[in-house]
Amino acid sequence: MNYIALFYSHFGAIRFSHSLPQGVTVARLMPVPRSLSSSCGTCVRFEGPENITISRDEYHEIEQVVKETEKGYVPILKLEADG
């Protein structure tokens, strides 16, 4: 399954790409697709299991995670900024 994680900062995207959740096999930094939005222009596209678990405590800079499908992007996790 392919996913895209969006972040509030470039640092969050880089940190995520260096400390991946369990089960993630392939990950790469890339520009955010035009049909998605984020607070920064960098996202991480990654492959992982259907039932992937991403901890807000461990990856606190994630804005949202979407699953890539034939019909487009489906949000699976959306987090509000602290503050």
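A: Let's start with a word you'll need: a residue is buried if its relative accessible area is under 20%, exposed if it is over 50%, and partly exposed in between, using a 1.4 Å probe and counting protein chains only. Keep in mind that the model is predicted, so local features need pLDDT of at least 70 and side-chain atom pairs count only at pLDDT 80 or more, while totals for chains, interfaces and linings use all residues. Residues are numbered from 1 along each chain as its sequence is written, and side-chain values use heavy atoms, leaving out hydrogens and water.

First, the setting. Helices (H or I, at least four residues) and strands (E, at least two) are DSSP runs numbered from the N terminus, and here the chain has one helix and five strands. Of the 83 residues, 37% are buried.

Now for the rings. A pair of aromatic rings is described by the distance of the centres and the angle of the planes. Rings of Phe, Tyr and Trp (its six-membered ring) pair if their centres lie within 6.5 Å; planes under 30 degrees apart are stacked, over 60 edge-to-face, and the rest tilted. That rule gives three aromatic pairs. One of them is Tyr 3 with Phe 46, a stacked pair with 5.3 Å from centre to centre and 25 degrees between the planes. Tyr 3 belongs to strand β1 (residues 2-7) and Phe 46 to strand β3 (residues 42-47), so this pair ties together parts that are 43 residues apart in sequence. Tyr 3 and Phe 46 are both buried.

Another pair is Phe 7 with Phe 16, and this one is tilted: the centres are 5.4 Å apart, with 55 degrees between the planes. How buried are these two? Phe 7 has a relative accessible area of 1%, so it counts as buried. Phe 16 is buried too, with a relative accessible area of 1%.

Count a contact when heavy atoms lie within 4.5 Å. Of the contacts between residues at least 6 apart in sequence, 63% join residues at least 24 apart.
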